[in-house]
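Here is a short tour of one protein model. Keep the structure in view while reading.

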Amino acid sequence: MGTIIILFALALFFFLRLKYKSPEYKGSIGEARVARRISDLPEQEFTVLNNIYLETERSSSQIDHVIVSIYGIFVIETKNYSGWIFGNENQEYWTQTIYNYKNKFRNPIKQNWAHIYALKELLTDYKFIKYYPIIVFTGTAKLKKITSKIPVVYNYELLQTIQSYCEEPILSPSQTNDIVDIITANNIHDEGIHKKHKQNIYNDKYELEQKINSLICPKCSGQLVLRNGSYGRFYGCSNYPQCKFTRNIE
Ligand SMILES: [Zn+2]
């Protein structure tokens with residue numbers, strides 16, 4: 001009897017450990033933290049839409065948070081990470097360092113631009129509108145050497161960052177309501193489609209890594225060559241300057 005309880009406890013322990021270490025779980029915790037933070041914004045001025053999933057002709061986007069306001073639309077990408085984070089606006093990948101372990105992840109600013117394009121495709125009647133991309137790090141991550149004009153902030157800085165853009169109203173309340181309606185009407189709730197989206201991201205990433213590992217440029221299928229830059233060695237495309245693909249080597 002005792003052995004069964006111990007085995008059960010062990011199984012539960014490993015199950016929970018796996019669950020809480022999974023990127024999906026960490027991601028959802030981060031999103032919940034940010035959602036709680038932005039729920040403090042005054043309701044009359046800001047409509048918060050969490051976890052919006054849009055499919056356009058060219059792409060599908062899962063947007064963590066969209067805030068529609070009379071000042072424009074805030075598009076927020078959340079990262080729940082630990083360790084030290086390095087990156088700049090123009091890189092394809094950013095780096096997370098934990099002790100000697102290094103991990104690459106897709107530049108969240110570029111990810112967020114793709115989300116804004118998806119919203120623009122949807123809101124063609126509002127071409128004049130302003131979009132404010134913001135990247136938020138929750139968790140214990142320390143932002144090191146992040147070079148970016150787009151705000152990359154900690155969760156506690158989020159509200160003041162949003163408020164810093166709230167100067168001149170550009171939309172009427174009825175226009176913001178209309179925008180909220182358009183976004184919610186196009187939000188896809190279907191779990192099956194979400195899973196497919198994740199699978200596609202995974203496949204794209206895998207394919208990209210495979211190409212780079214075989215020294216094929218993922219942008220133009222040219223040859224990748226090792227070059228020396230002022231920040232160290234990197235892979236560049238042999239079709240430079242026509243193709244500007246690079247990949248840093250750490
Ligand atoms: Zn190329």
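This is a predicted model: local features need pLDDT of at least 70, side-chain atom pairs count only at pLDDT 80 or more; totals for chains, interfaces and linings use all residues.

Two strands count as paired if DSSP finds at least two bridges between them.

**Overall make-up**

The protein has six helices and twelve strands. Of its 250 residues, 21% are buried. Among contacts with a separation of 6 or more, 55% are between residues 24 or more positions apart.

**The four-stranded sheet**

Four strands form an open sheet in the order β6-β5-β4-β8. Its pairing is mixed. Strands β6 (101-106) and β8 (142-147) stand at the edges. Each has a single partner strand, so one side of each is left without a neighbour in the sheet. From one strand to the next, the twist averages 20 degrees. Inside this sheet, β4 and β5 (residues 93-98) run antiparallel, joined by three bridges.

G83 lies in the loop between β3 and β4 (84-88). Is G83 buried, exposed or partly exposed? The cut-off for buried is 20 or more other C-beta atoms within 10 Å, and for exposed 12 or fewer. G83 has 18, so it is partly exposed. Leaving out residues up to four places away in sequence, G83 touches Q96, T97, I98 and A141. G83 and G139 are 56 residues apart in sequence, yet their C-alpha atoms are 9.2 Å apart in space.

**The five-stranded sheet**

Another open sheet has five strands, in the order β1-β2-β3-β7-β9. The pairing here is mixed too. At the edges stand β1 (46-55) and β9 (152-154). Each of them has a single partner strand, so one side of each is left without a neighbour in the sheet. The twist averages 35 degrees from one strand to the next. Nine bridges join β1 to β2 (residues 60-69), and the two run antiparallel. Y53 stands opposite Q62 in β2.

**Helices across this sheet**

The table sets them out.

| Helix | Residues | Lies across | Angle |
|---|---|---|---|
| α3 | 108-122 | β1, β2, β3 and β7 | about 145 degrees to β3 |
| α5 | 173-186 | β1 and β2 | about 35 degrees to β1 |

How far apart are the end C-alpha atoms of α3? At 1.5 Å a residue, its 15 residues should span 21 Å. The ends are 21 Å apart, which agrees.

In α3, the buried residues are P108, I109, N112, H115, A118 and L119. An α-helix has 3.6 residues a turn, so residues three or four places apart point the same way. What covers the buried residues of α3 includes β1, β2, β3 and β7.

**The nonpolar core**

In soluble globular proteins, nonpolar side chains tend to be buried together. Here the largest nonpolar core has 27 residues. Which of them touch the most other members? They are V66, I67, I73, F74, V75 and V136. At least two residues each come from β1, β2, β3, α3, β7, α4 (158-164) and α5. β7 gives the most, with five residues.

I73 shows the contacts of one core member. Not counting residues up to four places away in sequence, I73 touches V66, I67, V68, L119, I129 and Y131. Of these, L119 is among the buried residues of α3.

Key:
Residues are numbered from 1 along each chain as its sequence is written. Axes are lines fitted to C-alpha atoms, for helices over the stretch in contact, and angles run from 0 to 180 degrees between N-to-C directions. Two residues are in contact if their C-beta atoms, placed from the backbone, lie within 7 Å. The expected span of a helix is 1.5 Å times one less than its number of residues. A nonpolar core is a set of buried Ala, Val, Leu, Ile, Met, Phe, Trp, Tyr and Cys residues joined through C-beta atoms within 7 Å.
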